[in-house]
Each structure stands twice: as structure tokens, then as C-alpha cells.
Amino acid sequence: MKKILISTLVLLALAAIANQDIKLNEDKKIQAEINEIGFKILNANRIEKRVVFAYDDTDKRNILKNNKPLTKRQVVVFSDIYKNIETEDELAAYIAREIPRATRSYDGLGNGFLAAVKLKAAPKKYELVFDKLAVDYMVKAGYNPLGLIIHISKTYPQTRQDKISAHNLTSRRLAYIYERIYFNYPSYLINNEYIDNVYYQNYLLTSRENRKITAQKAKNRFGQWQDYE
Amino acid sequence: MNKIFIIFSILFFNLAFANSQIVEDEFVKDLIPEEKIENKYNFENTQKTFINIRFLEPIKSEKELYEGQIIDLIVDNNVFIKKELLVKRNTKIKAKVNTIITSGMNGIPASIILSDFEIPNIKKENLSPALEIFGQDRSLFVFPLKWALTPLPPTGSLTNFIKGGKVKIKTNKIYTIYYYPD
């Protein structure tokens with residue numbers, strides 16, 4: 001009886017160690033993938049500030065109180081974000097969005113302390129700015145910026161309103177990203193690799209009015225245009 | 001044989017029907033593809049040369065500009081590489097207004113990010129990727145004031161309503177970008 005008990009315990013311990021190894025190897029693979037994309041974006045955009053990338057298998061919600069990108073100048077890819085990522089373009093999109101947040105905390109008073117406070121004080125304003133910069137960063141690094149539309153489209157829910165909120169309506173963010181691509185990198189829309197993609201199709205389905213406004217804006221950039229919904 | 005023909009016809013019809021379900025983006029028909037920039041990077045060479053630039057027209061506010069607008073600037077110094085004159089002083093150059101960041105509450109200033117500098121004899125990719133010009137940063141006194149007034153609620157919150165400065169650019173103000181020969 002004793003022998004059976006001991007062998008069961010040993011087997012259980014071995015299984016636990018093997019599981020840990022498998023998980024560690026999986027984490028290492030994800031980390032390597034994130035690093036490669038992150039550093040490619042940094043180099044291609046000649047960003048002369050140090051940023052590191054980390055994979056964290058805890059949910060973002062649990063860590064929100066300690067906003068790492070602002071304090072440690074690092075981009076953290078949380079597991080709840082990563083599980084929604086299917087392509088390299090989408091991962092590049094998430095990383096490219098977080099890089100300007102991390103680099104912006106380098107300049108200004110208190111070695112960037114004030115800049116970091118400003119980002120926290122006006123998250124809604126900078127959300128749109130970082131989306132736009134992410135499009136530029138992605139294109140320069142050789143990624144398809146439509147990956148950003150797909151990533152945001154399937155990751156961020158649509159809130160009821162954004163008048164009294166720290167965030168913009170997701171549809172509005174998507175509209176500004178589309179506008180950026182439409183005006184600056186139209187070749188990605190002309191030769192659209194994602195036209196058959198089910199998420200991109202859903203974006204097209206849900207964004208007709210906003211895309212119409214973009215097309216009208218293109219005809220007269222100084223005109224008075226209705227804001228995106 | 002007839003059966004095979006009928007099956008193929010049905011399959012073909014189904015495929016055609018499935019394709020017709022794809023939502024097309026009708027607003028991209030008239031777009032013209034942008035010029036692609038070759039973006040090779042090799043940072044072995046540490047050499048970089050500064051280029052001083054000035055605006056040709058003053059700008060009173062970022063509201064006078066729009067994203068994507070091409071603006072005229074002028075080079076303010078002679079640029080030499082290995083004792084060879086590369087860009088002459090007073091050469092007219094162009095830049096694109098890449099991003100406009102409006103001013104915000106808590107004294108956060110507006111800013112504009114310029115990019116895609118076009119300078120004769122120099123490739124775009126060998127120049128600084130961007131130059132950000134800020135308005136007056138009032139957050140320097142707004143945040144300390146807010147924290148000082150925190151014990152007297154709600155006076156601290158009233159500082160939220162102080163807006164940051166607009167982007168004002170004079171024609172004699174010099175900005176610096178860099179040229180990376182490699």
C-alpha cells in the first residue's frame with residue numbers, strides 16, 4: 001500500500017514538473033515572438049529610446065493599478081489580449097500602439113514623470129494619437145496596418161457613450177485609424193489582403209457611415225465634417 | 001455524366017453566391033497608391049549631422065493646419081558631410097503635418113508632429129522620422145496647484161478646466177532635425 005502511495009506521489013510530482021516545463025517553453029516562444037516584432041518596430045522607426053517587451057499571463061484587469069508601460073517603459077502583452085491575437089499583423093498592432101505610450105514617458109520634467117502624469121490625465125486624447133502613430137509604425141516596419149483595425153475590432157467592446165468616459169467609442173477609434181490608412185497608406189486598401197477576413201468584413205459591415213464621412217473628408221480637408229460615431 | 005455536370009453546376013452556383021456575400025469597400029475605388037519608401041536600417045554608423053530649419057509662414061494655432069498638409073520650411077544652416085556642402089542655407093524644404101494633438105484639460109499643451117521631410121539631395125529615410133512642436137505647457141503649474149488645493153475640495157478639481165497652450169510658431173524660431181548618412 002505504501003509503495004503504491006509513494007509511486008502515485010512521485011508520478012504526480014513528475015507530471016507537475018513536466019507541465020511547468022511545457023508552460024515555460026510556451027511562454028518562451030510567445031516572448032520571443034513579441035520581442036522580435038517589438039524590436040523590429042523600434043528599429044524601423046528609428047526610436048532612440050529604450051523600450052522592452054514582456055509577456056504576462058495574468059489578466060490586464062488585475063494589473064491596471066500598476067500601469068507598467070508608464071512606470072517601467074515596457075510594453076506588456078497580457079494573456080487576455082494575446083489570446084485574441086491570430087496574426088503577426090495583429091500582434092504588431094498591439095505592440096505598435098503601446099510603444100508611443102512607453103517612449104513618451106522619457107521626455108519632460110522629472111525624467112518624464114510629468115509626461116506620464118499627462119498621459120494618465122488625458123487618456124482619451126492620447127488613445128487616438130497612439131492609434132494614429134501605431135499605423136505609421138506598423139507601415140514602416142513592414143506590417144499591414146489593417147491588422148490594427150482587426151485587432152481593435154475584435155478586442156474592444158462598444159460602449160454606450162464616450163462623452164463622460166476616459167475612452168473613445170471603439171467605432172470612433174476605428175474610424176480614425178481607417179482615415180489614417182485612407183489618407184496616408186491607401187495602397188493597403190486598394191490591394192486589400194484582408195478583404196475576405198471575417199473580422200474585417202464585420203468592420204466594413206458596421207462602419208459604413210463613418211467610412212462615408214472619411215471619403216467626404218478626402219474631397220475637402222478644410223470642410224466642416226460631422227464627427228465620427 | 002449528366003449527374004456530374006449538375007453537381008458541378010450547383011457547386012459553381014453556391015461558390016458564386018458565397019462570393020456575392022462579401023462586403024466590398026466602395027469608398028476606395030478612386031484612391032491612388034502612395035509612394036513606397038525603402039526602409040532599410042543599419043545603425044553601425046553613429047554619424048549624424050544637424051539641420052536647422054525654420055517655418056516660412058507663422059502659425060498662430062494648430063487649428064490652421066490639418067493632418068496630411070504639406071508645409072514649407074527653410075534650412076537655416078549650411079549642411080556639410082565630410083567637408084562637402086550637402087544642403088545650402090536658405091534651401092526651401094517641405095514637411096508633412098503627420099499628427100495634430102489638440103490641447104487638453106489640466107494645462108496639457110497642443111502639439112503637432114511633422115514628418116516626411118523633403119530636402120534636396122537627401123533621402124527621406126535618412127532624416128529624423130519626426131519633429132514634435134508643443135504649445136505652452138501649463139501642466140507645469142496646474143498639477144502642483146491641483147495637488148496643493150487637494151485639501152480644500154473641490155477647488156483642486158477646478159484646475160481641470162485650465163487648458164493647455166496652442167501651437168504658435170514664429171518664423172524666426174529654429175528647430176533641429178538630424179541627417180543620418182547611413
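In chain B, strand β1 (residues 49-55) is joined to β8(B) by 5 bridges, and the two strands run antiparallel. Here strands are DSSP runs of E with at least two residues, helices are runs of H or I with at least four, and both are numbered from the N terminus; two strands pair if DSSP finds at least two bridges between them. The structure is a predicted model, in which local features need pLDDT of at least 70 and side-chain atom pairs count only at pLDDT 80 or more, whereas totals for chains, interfaces and linings use all residues. Residues are numbered from 1 along each chain as its sequence is written, and chains are lettered from A and ligands numbered from 1 in the order in which they are written.

Chain A contains 12 helices and 2 strands, and from the N terminus on its elements follow the order α-β-α-α-β-α-α-α-α-α-α-α-α-α. Along the principal axes, the C-alpha atoms of chain A fill a box of roughly 85 × 50 × 35 Å. Of the 229 residues in chain A, 38% are buried, a residue being buried if 20 or more other C-beta atoms, placed from the backbone, lie within 10 Å of its own.

Note on methods:
Buried ≥ 20, exposed ≤ 12 C-beta atoms within 10 Å, placed from the backbone.
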